[in-house]
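Please look over the sequence and the three-dimensional model shown here before reading on.

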Amino acid sequence: MPAWKWIDIPPVWLVGFCTLCWLQARHVPFGPSSGTLATLLGLALAAAGAALAVLAVREMQRQNTTPVPHQRASALVMTGVFQHSRNPIYLGDLLILGGVALILGTWPALVLVPVFHWVLTTRFIQPEEEGLRHTFGDAFEAYAARVRRWA
C-alpha cells in the first residue's frame, strides 16, 4: 500500500471533521454553553461511539481480519456488534462526531454529521462491500440482506 493511503483512513477524516467543529465553535460560536444537557448528551454520544468502535475492532481482531480500510479482509465478521450493524466502527465515528459537536456547543456543525456519513459511505463502505462481495460471495449477500449497513 502506498504511504499516502495511510492518510486516507476514517480516523483521519474524523479528526478533520472534528477540527471543523472546533473551528466553527471558535470563530462562529452558536449553541448551548458548556455544562448543559447538550454537553452531557455529547459526552454520552462520543463515549458510546468510542465503545462501539473498540468492540468492533476487538471482534475483527478475534476473527483474525484487519480493521484497516483498503486492505483485503481475511474473514467475514458477523458476530458481536456486527450482528446488529455491518459498519459499527463507522457508526461509532458518526456518534463521536455528533458528540463532539454537542460538547463544543456547535449546533450548526451538526450538519457535518450527514456530510461525514456521505464521505464514509462513498469513500470507504461501498468499496469495502464490493471487496467483501467479491471475496465472500453468497455469504456476504446473505449477511447484507440480514444486517443493515447503519443500524
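## Basis of the description

This is a predicted model, in which local features need pLDDT of at least 70 and side-chain atom pairs count only at pLDDT 80 or more, whereas totals for chains, interfaces and linings use all residues. Residues are numbered from 1 along each chain as its sequence is written, and side-chain values use heavy atoms, with hydrogens and water left out.

Helices are DSSP runs of H or I with at least four residues, strands are runs of E with at least two, and both are numbered from the N terminus. For single residues, buried means under 20% relative accessible area, exposed means over 50%, and partly exposed lies in between, with a 1.4 Å probe and protein chains only.

## The largest pocket

The largest pocket has a volume of about 740 Å³, and of the 37 residues that line this pocket, the closest to its centre are M60, T66, P67, Y90 and E128. A pocket here is an open set of points, on a 1 Å grid over the protein atoms alone, where a 1.4 Å probe fits and where protein lies on both sides within 12 Å along at least five of seven lines; lining residues have an atom within 4 Å of a point. Grid points are joined across faces, edges and corners, and the volume is the space filled by probe spheres set on the points.

The helices α1 (10-27), α2 (37-62), α3 (88-103), α4 (112-136) and α5 (138-146) each supply at least two residues of the lining, and the largest share, nine residues, comes from α4. By class, the lining has 23 nonpolar, eight polar and six charged residues, where Ala, Val, Leu, Ile, Met, Phe, Trp, Tyr, Cys and Pro count as nonpolar, Asp, Glu, Lys and Arg as charged, and the others, Gly among them, as polar.

## Salt bridges

Side chains of opposite charge can pair when their charged atoms come close. A search of the whole structure finds six salt bridges, a salt bridge being a side-chain nitrogen of Lys or Arg within 4 Å of a carboxyl oxygen of Asp or Glu. In one of them, the side chains of E129 and R86 meet with N and O 2.9 Å apart; this pair links distant parts of the chain, since E129 is in helix α4 and R86 is in the loop between α2 and α3, 43 residues apart. Both E129 and R86 are buried, and E129 counts as buried because its relative accessible area is 5%.

R149 also forms a salt bridge with E129, the closest N and O atoms being 2.6 Å apart, and this pair too links distant parts of the chain, with R149 in the segment after α5 and E129 in helix α4, 20 residues apart. R149 counts as partly exposed because its relative accessibility is 24%. Another pair is R133 and E141, whose closest N and O atoms are 2.4 Å apart; R133 is partly exposed at 28% relative accessibility, and E141 is partly exposed at 34%.

## A nonpolar surface patch and a buried leucine

L20, W22, L23 and L104 make a nonpolar surface patch of about 340 Å². Such patches are made of residues with over 30% relative accessible area and no salt bridge, with nonpolar side chains (Val, Leu, Ile, Met, Phe, Trp, Tyr) joined within 5 Å and like charges within 9 Å, and accessible areas come from the Shrake-Rupley method with a 1.4 Å probe, only the protein chains shown counting as cover for residues. L20 is in helix α1 and counts as partly exposed because its relative accessibility is 41%.

L52, by contrast, is in helix α2 and counts as buried at 18% relative accessibility. The C-alpha atoms of L52 and I89 are 6.5 Å apart in space, although these residues are 37 residues apart in sequence.

## The loop between α2 and α3

Most residues other than glycine have a negative phi. N64, in the loop between α2 and α3, has a positive phi near 55 degrees and is exposed, with a relative accessible area of 64%. H70 lies in the loop between α2 and α3 as well; its phi is also positive, at about 75 degrees, although H70 is not a glycine, and H70 counts as partly exposed at 33% relative accessibility.

G80 has its place in this loop too and is partly exposed, with a relative accessible area of 29%. The C-alpha atoms of G80 and G92 are separated by 15 Å, and the two residues are twelve residues apart along the chain.
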